[in-house]
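Me: I am new to this structure and would like to learn how to read its features. Please take them one at a time.

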Amino acid sequence: MSDADRIARLEQSVADLATRLQRREDELDVRKLQHLYGYLIDKCLYNETVDLFTDDGEVRFFGGVWRGKAGIRRLYVERFQARFTHGTNGPIDGFLLDHPQLQDIVDIDPDGITAHARARSMMQAGRHKDYADPTNPMLGARQWWEGGIYENTYKNGASRY
C-alpha cells in the first residue's frame with residue numbers, strides 16, 4: 001500500500017470518527033435538553049421552560065395544541081404557573097413536583113439538523129394540607145400521579161441543539 005493510500009485511509013478514518021463523535025455529542029445535547037425540561041418543570045420555572053422552545057415550537061397536551069412561543073406561554077405560564085404556583089415563577093412552599101425523564105432514546109437525522117427523542121415520565125405531585133386554600137377547590141390538599149410518553153422533535157440552532 002502506498003503512502004498516499006495510507007494517508008487517504010487515515011483521513012477517511014478521521015472523518016468517520018469525527019462524524020460519529022458529532023452524532024454522539026448531538027445525542028447527549030438532546031438528552032440534556034430533555035432532562036433540563038423535566039428539571040425546570042419540577043422547579044416550576046415556567047418562563048424558563050417556555051424559553052426552551054423554538055419560535056415555531058408546538059406542544060400537544062390534554063387534547064390541546066399550543067403553537068409558537070405565545071401559545072406555549074399560554075400553557076406553561078397562564079395555565080400551569082397560574083394554577084400551581086399562584087403566578088409565581090419558581091417553587092412555592094407546600095407544592096411538590098417530581099418529574100423524572102426515563103428510558104430516553106434519541107435519534108439524530110443524517111442531516112444533523114433534526115433529532116427525534118422518545119422518553120417516559122412518571123410524575124408525582126402534591127399540595128400539602130398546610131398550604132391548601134379551603135375556599136378554592138383547585139387549591140385543596142391533594143396528591144396525584146401522572147405518566148406519559150414524550151415524542152419530541154428537536155431542531156438544532158447555531159450552537160447545535
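Me: Are Phe 95 and Trp 144 buried or exposed?

Reply: Buried means under 20% relative accessible area, exposed over 50%, and partly exposed in between, with a 1.4 Å probe and protein chains only. Both Phe 95 and Trp 144 are buried. Before going further, note that this is a predicted model, where local features need pLDDT of at least 70, side-chain atom pairs count only at pLDDT 80 or more, and totals for chains, interfaces and linings use all residues. Residues are numbered from 1 along each chain as its sequence is written, and side-chain values use heavy atoms, with hydrogens and water left out.

Me: How many helices and strands are in the chain?

Reply: Helices (H or I, at least four residues) and strands (E, at least two) are DSSP runs, numbered from the N terminus. The chain has 3 helices and 6 strands. Along the sequence they follow the pattern α-α-β-β-α-β-β-β-β.

Me: Why is the chain described as more spread out than a compact globule?

Reply: The radius of gyration is taken over C-alpha atoms, and the globule rule is 2.2 Å times the number of residues to the power 0.38. For 161 residues that rule gives 15 Å, but the chain has 21 Å, well over it, so the chain is more spread out than a compact globule. Its C-alpha atoms fill a box of roughly 85 × 25 × 25 Å along the principal axes. Of the 161 residues, 34% count as buried.

Me: What span does helix H1 reach from its first C-alpha to its last?

Reply: The expected span of a helix is 1.5 Å times one less than its number of residues. H1 covers residues 3-42, which is 40 residues, and reaches 58 Å, close to the 58 Å expected.

Me: Which residues of H1 are buried?

Reply: An α-helix has 3.6 residues a turn, so residues three or four places apart point the same way. In H1 the buried residues include Asp 26, Val 30, Gln 34, Tyr 37 and Ile 41. The buried residues of H1 pack against several elements, among them helix H3 (68-84) and strand E6 (142-155). Just after H1, Cys 44 takes a positive phi of about 55°.

Me: How many aromatic pairs are there?

Reply: A pair of aromatic rings is described by the distance of the centres and the angle of the planes. Rings of Phe, Tyr and Trp (its six-membered ring) pair if their centres lie within 6.5 Å; planes under 30 degrees apart count as stacked, over 60 as edge-to-face and the rest as tilted. The count comes to 11 aromatic pairs. Tyr 37 and Tyr 150 have ring centres 5.6 Å apart and planes at 80°, so this pair is edge-to-face. Tyr 37 lies in helix H1 and Tyr 150 in strand E6, so the pair ties together parts 113 residues apart in sequence. Both of these Tyr residues are buried. For Phe 95 and Trp 144 the centres are 6.4 Å apart and the planes at 40°, so that pair is tilted. Phe 95 is in strand E3 and Trp 144 in strand E6, 49 residues apart.

Me: Which faces does strand E2 have, and which residues are on them?

Reply: In a regular strand the side chains alternate between the two faces of the sheet. Strand E2 (residues 64-67) has Gly 64 and Trp 66 on its covered face, and Val 65 and Arg 67 on the uncovered one.

How values were computed: Contact means heavy atoms within 4.5 Å.
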